[in-house]
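This report goes through the helix packing, the domain arrangement and the ligand surroundings of one model. The sequence and structure come first.

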Amino acid sequence: MLKLCGFAASNYYNKVKIALLEKEVAFEEELVWAGAIDKNFSPLGKVPYLITNQGPISESNVILEYLEEQYPQQSLLPTDPYERAKVREVILHFELYIELVARTLFPEALFGGKVSDETKDKAKKQLDRSIISFSKMVQFDQPYLVSQQMSFADCAALVHFPLIGNVTKTIYGEDIFADLPIQKYMNRVGKRPYMSKVNADRKANAELLIARIKGSR
Ligand SMILES: N[C@@H](CCC(=O)N[C@@H](CS)C(=O)NCC(=O)O)C(=O)O
């Protein structure tokens with residue numbers, strides 16, 4: 001059986017977990033903290049990684065592509081090549097221009113540390129710009145973000161929206177997604193039955209992670 005390794009507080013981990021649940025592919029989970037990752041499984045020491053019967057795969061987006069090819073049921077990519085490209089475009093945009101920028105704020109927003117005003121200002125400028133371009137790439141009046149069916153872009157959105165919304169609210173006093181109709185989208189797509197378990201696992205693991213980080217200071 002597939003084994004998803006990593007920790008459930010991780011956005012990248014949950015993006016893959018949602019895809020597995022949506023596709024109804026059987027898998028088990030193994031808790032592996034950052035810092036305890038076998039580099040034979042994930043060469044850069046990052047989670048998630050997936051253990052398959054042929055060996056390990058790292059990088060969440062690569063894992064998603066593997067799942068789609070290996071388990072085509074309940075497809076999370078549209079059939080049309082242009083639409084497939086648009087799904088990938090949104091995922092990449094989320095990751096490079098939103099998630100990775102917001103991550104510079106995590107030490108203060110999530111882990112009780114401090115981030116400089118310079119870092120906050122720089123991130124805010126980048127995020128403001130990214131949100132404008134992001135809003136042009138997606139649709140909120142359709143059931144799903146990019147296509148008529150649930151796609152990888154939705155797996156990504158279900159993890160990025162809440163976390164980055166909270167982080168920016170903590171740092172700037174406003175959720176950077178506040179002007180977009182995210183709540184309606186989350187009420188529609190985020191109410192999938194498995195999401196309550198994904199969220200409960202995430203919250204429980206986040207508490208452990210915060211305790212570990214504070215304990216190591
Ligand atoms: N590009 C990677 C990013 C994964 C990543 O950054 N994971 C974090 C946890 S959320 C991690 O493993 N951090 C530990 C480290 O960088 O050493 C992916 O999409 O899988």
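## Helix α3 against α6

The crossing of α3 and α6 in this predicted model is left-handed. Helix α3 covers residues 81–102 and helix α6 covers residues 152–172; their axes come within 10 Å and cross at roughly 20 degrees. Angles under 35 degrees count as roughly parallel, which makes α3 roughly parallel to α6.

On the α3 side, the contact is made by V87, V90, I91, F94, I98, E99 and A102. Helix α6 contributes F152, A153, A156, H160, I164, V167 and T168. Sorted by class, the residues of this contact between α3 and α6 are eleven nonpolar, two polar and one charged.

## Helix α3 against α5

Helix α5 (residues 117–137) also packs on α3, at an angle of about 165 degrees and with the two axes 9 Å apart. Angles over 145 degrees count as roughly antiparallel, and α3 and α5 are therefore roughly antiparallel to each other. The crossing of α3 and α5 is left-handed.

From α3, the residues in this contact are E89, V90, H93, Y97, I98, V101 and A102. From α5 they are A123, Q126, L127, S130, S133, F134 and M137. The contact of α3 with α5 consists of nine nonpolar residues, four polar and one charged. V90, I98 and A102 of α3 take part in the contact with α5 and also in the contact with α6.

## Helix α1 against α2

The axes of α1 and α2 come within 9 Å, crossing at roughly 10 degrees. At that angle α1 is roughly parallel to α2.

The α1 residues in the contact are Y12, K15, V16, A19, L20 and K23, and they meet S60, I63, L64 and L67 of α2. Seven of the residues in the contact of α1 with α2 are nonpolar, one is polar and two are charged.

## Domain arrangement

Domain 1 spans 2–75 and domain 2 spans 81–189. The C-alpha centres of domain 1 and domain 2 are 21 Å apart. Eight residues from domain 1 and ten residues from domain 2 form the contact.

Within domain 1, both α1 and α2 supply at least two residues of the side that touches domain 2. The largest share of that side comes from α1, with six residues. By class, the side of domain 1 that touches domain 2 holds three nonpolar, three polar and two charged residues.

## Ligand surroundings

Which residues are found around the ligand? They are S10, N11, Y12, A34, G45, K46, V47, E59, S60 and N61. This shell has three nonpolar, five polar and two charged residues. Helices α1 (11–23) and α2 (60–70) each supply at least two residues of the shell.

## Backbone features by the ligand shell

P48 is located in the loop between β2 (27–31) and β3 (49–52).

The phi of E59 is near 75 degrees, a positive value in a residue other than glycine. E59 is placed in the loop between β4 (55–58) and α2.

Methods. Residues are numbered from 1 along each chain as its sequence is written. This is a predicted model: local features need pLDDT of at least 70, side-chain atom pairs count only at pLDDT 80 or more; totals for chains, interfaces and linings use all residues. Axes are lines fitted to C-alpha atoms, for helices over the stretch in contact, and angles run from 0 to 180 degrees between N-to-C directions. Helices (H or I, at least four residues) and strands (E, at least two) are DSSP runs, numbered from the N terminus. Angles under 35 degrees count as roughly parallel, over 145 as roughly antiparallel, 65 to 115 as roughly perpendicular and the rest as oblique. A crossing is left-handed if the near helix is turned anticlockwise from the far one by less than a right angle, and right-handed if clockwise. Two residues are in contact if their C-beta atoms, placed from the backbone, lie within 7 Å. Ala, Val, Leu, Ile, Met, Phe, Trp, Tyr, Cys and Pro count as nonpolar, Asp, Glu, Lys and Arg as charged, and the others, Gly among them, as polar. A residue is near a molecule or strand if its C-beta atom, placed from the backbone, lies within 6 Å of it. Domain bounds come from an automatic or database domain assignment.
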